[in-house]
Amino acid sequence: MIVNPDLRIYTHPILEFKRGGEVTVFFEGKPFRAFEGEALAAAIYASGVNVFRISPVRGRPRGVFCMVGKCGSCMVRVDGVPMRSCVTSVRHDMKVERVSGLPDLSRYGRDVAREELDVDVLIIGGGPAGMASAEVLCGTDLETVLIDDQIRLGGQLIKQTHIFFGSRELFAGRRGFEIADDYNKRLSKCSNLKIITGTTVVGVFKEGVLAVGDNVLYLVRPKYVVVAAGAFENHLVFDNNDLPGVMGAGGAQTLMNVWGVKPGSEVLVIGSGNVGLIISYQLLQAGVNVKAVVEALPRIGGWFVHAAKIRRYGIPILTRHTILSVKGSERVEEAVIASVDENWNVVPGTEKAIKTDTVLLAVGLTPNTELLRQFGVAMKYIPDLGGLVPLRTRYMETSVENVFIAGDIAAIEEATTAFIEGWIAGYSILIKAYGEREDFIESREKYLRMLQEYRSAPVSEKVRRGWQLSLIS
Amino acid sequence: MEQVNVAIVGGGSTGLMAAYYLAKEGVRGIHVFESKYLGFGSTGRCAGGVRSSFASNVHVTLMRESIRNWLRLKEEVEGLEFIQDGYLWLLTTEELVELHRRLAAYQNSLGVPTRMLSAEEVGELVPLARSDVLAALYDPTAGKASPIKFVWAMRKKLMELGVNIHEYTFVRGIRASGGKARSLVVDESNEVRVDDHVLIAAGVWSKELSRDLGVEIPIKKDPHHLLVTDKYSPFLRPLVIHKESGSYVVQHETGSILVGAEFPVPEDDTSLRYGYLRKAVTIMSRYFPQILSAELLRVWVGYYEVTPDHHPIVDVLPGYENVLIATGFSGHGYMMAPIVGEEITSMMLDGRPKLAETNELRLERFDEGKLLKESAIFG
């Protein structure tokens, strides 16, 4: 019998975790319980494994951080092959080893099939923006392929449990994971759409766009492209910020809401934007103790409704505070925070130690634009939109003809605007492919108005400002 | 107007090495001008291989001396890496074996201790998954030097030595009168007075600068691809070349693996080619299937600046006594930079290089039809 600590969530007010059959995986020779369909990182983390690898240069312990295959912090060797455990599904009897220093290459090659796809449209990214474009193209005779690097389609939606508000067309009253489920079902019925998950688009070559899956290499030659690759989480500088237990808020959300695994038992959240506030509430729902939310600005960054909710539960939101360090051997045991003055300097004597095993960073996102640069798209540094972003027409076309963008890759916003931009990009492609048909133009104008309306709120001021700087005609 | 003593145009390996040896000789007022950032051009894009196993007297001799300098630099410059793990030329046809047998004898006669290895000896040095290798040429004095580490280490060292580095500073032209360069035109219209020397070490862009002074340099841009993987524990020490296909693989001390292959494309086509990637990986993974389990990080294109005889031009620019040019390295500029930098320093300070072989790198050889010969080229 296997007895390990178990961080899995079995009862949840909103989510129901459908786990597959029980299997056994071996980590460092010890058996661990896992369930079919689970991500390997989630499975062993749930059983109390903190240290996944030892860093190559300074020999520091590393654990899960992003949970979406972007950071490499959770790399392990699976049956001798180095892999990011957060994007690897468990298999019965898997032999998993900690990577100490640099990982060894497998001594054996792997058989890789090659597939060449001549299509009308390639959509890169299966989050809200990419799914929205696919939705518009669904049922037309434009042969479309959507490629996503995650195990499940839906981008960040699959871990969003809060209720969307606004209009019905914009999913009011529904939760993110439900929207993702709906889209999964609907898109799977589109005869002109091929969905490829677990596959990363790695490069843009003259001969086509290269995507790499576990055992297949795809070379895609599209006429039109929608790049909806989203964004990645920012890190923050403080002492020991690589210690296991320090995690991206999005990473923790994936663990908790996708895989049903608590990120820790006591959590300190850094950043009071919507992500920081929402994750705090979700932690409470999962039965995790939230110690405080720390915010360097004098004001709470996110929406009042979200802040009010967590305050009702007595969670302090400490504005004008920052994190200085975390301490612990194999995992965070304590965090030190302090007040900052109006010039962001630490006020001496205000340092305070907080006992906690987890620190979640909700300190913003950066657009994931590497592929756009490979397409040769003109870029500009616009901090209001999240950093280096592509220039675009109001119809979401970049400076490179027939290369479109939508969602966080264009500007850090949220799911709703990502959907609208995805629809706009989709209609722009229809108009290019079929000519200026009135119904297409009308639909696109409708979504352009919707976007403008949505962004007229005071919270969108930064995006409005940045958007003007990013527009080309 | 600003004033400099020595203006070096180009912040690649050649320019940085010239600055280093000049500064070591006590020259003051050295300024390096780089249109982007140090190492942006061919230096930062090369594989970092260093070898003297060439087929011409000039190349073998210069590289033999350059490797001596690499070994000294490793002691003199903190953070600079040069690892003498050798080059291994895998030979898969009888013709290649015979050719390299003769090459080894020639290299030995010039003091470079290369030697032929039997298929069995190759297997002991580097286990291969495929058995079509008949023999190999092994160059134990060759090695590898990470270009990224080189650039960072040299930046720091040069700043300590008082060299001025101007990045994102574009030299548009050189103004000359009376057979001497007098100033540089920098960025839009700034003029920088030059009191002593100008070195043109701007890789493929050297052609435009020389043309501006009425001198035509016979170099052509030759784009070459390279890829780098994530970092892995050491699996391969020497740089290994599959001579028949012109493909190669090297693993740096950092753990990164670089794989190159000959894949000719037009002069101005810098688009990335999947054909290259496929060729490089297919051929090298036959010998090292491990490569297939590595994560690909990046593919890029960099220029070889190629002369008609694949040898560089290291010379005083004809008609301009204080302008020197060092370009046309045809894919070997980085490995040669330590000796070329030292020779440039001699040419500036003593009026002539130290080695007779450097004199053979004059520009006039192309007009006179006295081309040098080289066959040991790949990538």
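**Entry 1**

I started with strand β17 (residues 289-294) of chain A. It pairs with β18(A) in the parallel sense, over two bridges. This is a predicted model, and I read every entry below with that in mind. I then looked for the partner of A:Val294 in β18(A), and found A:Leu318 as its bridge partner.

Next I asked which sheet of chain A holds these strands. It is an open sheet of five strands with parallel pairing, in the order β15-β22-β16-β17-β18. Which strands stand at the edges? They are β15 (246-248) and β18 (317-318) of chain A. Each has a single partner strand, so one side of each is left without a neighbour in the sheet.

**Entry 1: a β-α-β unit in chain A**

I moved to β9 (residues 144-147) and β10 (residues 193-196) of chain A. These strands pair in the parallel sense over four bridges. A:Val145 has A:Lys194 as its bridge partner in β10(A). I also checked the handedness of the connection. β9(A), helix α3 (residues 176-188) of chain A and β10(A) make a right-handed β-α-β unit.

**Entry 2: helix α2 of chain A**

I asked how many residues of helix α2 (residues 128-137) of chain A are buried. Nine of the 10 are, so the helix is largely enclosed by the rest of the structure. The buried ones are A:Pro128, A:Ala129, A:Gly130, A:Met131, A:Ala132, A:Ser133, A:Ala134, A:Val136 and A:Leu137. What do they pack against? I noted β8 (113-124), β9, α3, β10, β13 (216-227) and α8 of chain A. After α2(A) comes A:Gly139, with a positive phi near 90 degrees.

**Entry 3: the nonpolar core**

I looked up the largest nonpolar core and found 265 residues in it. Those with the most contacts inside it are A:Ile124, A:Val227, A:Val269, A:Leu360, B:Ile8, B:Val9 and B:Ala136. Helix α8 (residues 415-434) of chain A gives the most to this core, with 10 residues.

Setting aside neighbours within four places in sequence, I listed its contacts as B:Gly15, B:Ala18, B:Ala19, B:Ile30, B:His31, B:Val32, B:Phe33, B:Leu199 and B:Ala201.

**Entry 4: B:Leu103**

I placed B:Leu103 in helix α4 (residues 94-109) of chain B. Is this residue buried or exposed? B:Leu103 has 21 C-beta neighbours inside 10 Å. The cut-off for buried is 20 or more, so B:Leu103 counts as buried. Beyond neighbours within four places in sequence, B:Leu103 is in contact with B:Ala55, B:Leu137 and B:Ala376. I checked the B:Ala55 contact by distance.

A:Glu28 has 13 other C-beta atoms within 10 Å, so I list it as partly exposed.

A:Asn402 is another residue other than glycine with a positive phi, near 70 degrees. Its loop runs between β25 (387-390) and β26 (403-405) of chain A. With 17 C-beta neighbours inside 10 Å, A:Asn402 counts as partly exposed. I noted the background: most residues other than glycine have a negative phi.

**Entry 5: domains**

For chain A, the domain assignment gives domain 1 (22-100), domain 2 (113-232 + 366-470) and domain 3 (239-363). The C-alpha centres of domain 1 and domain 2 of chain A lie 31 Å apart. Their contact takes six residues from domain 1 of chain A and four from domain 2 of chain A. On the domain 1 side I counted three nonpolar, two polar and one charged residues.

Chain B is divided into domain 1 (2-47 + 148-219 + 308-368) and domain 2 (85-141 + 220-306). Here the C-alpha centres of the two domains lie 30 Å apart. The contact takes 13 residues from domain 1 of chain B and 12 from domain 2 of chain B. The domain 1 side divides into five nonpolar, seven polar and one charged.

**Entry 6: chain A against chain B**

Terms used:
Residues are numbered from 1 along each chain as its sequence is written. Chains are lettered from A and ligands numbered from 1 in the order in which they are written. This is a predicted model: local features need pLDDT of at least 70, side-chain atom pairs count only at pLDDT 80 or more; totals for chains, interfaces and linings use all residues. Domain bounds come from an automatic or database domain assignment. Two residues are in contact if their C-beta atoms, placed from the backbone, lie within 7 Å. Ala, Val, Leu, Ile, Met, Phe, Trp, Tyr, Cys and Pro count as nonpolar, Asp, Glu, Lys and Arg as charged, and the others, Gly among them, as polar. A nonpolar core is a set of buried Ala, Val, Leu, Ile, Met, Phe, Trp, Tyr and Cys residues joined through C-beta atoms within 7 Å. A residue is buried if 20 or more other C-beta atoms lie within 10 Å of its own, exposed if 12 or fewer, and partly exposed in between; C-beta atoms are placed from the backbone. Two strands pair if DSSP finds at least two bridges between them. A crossover is right-handed if, with the strands pointing away from the viewer, the path from the first strand over the helix to the second runs clockwise.
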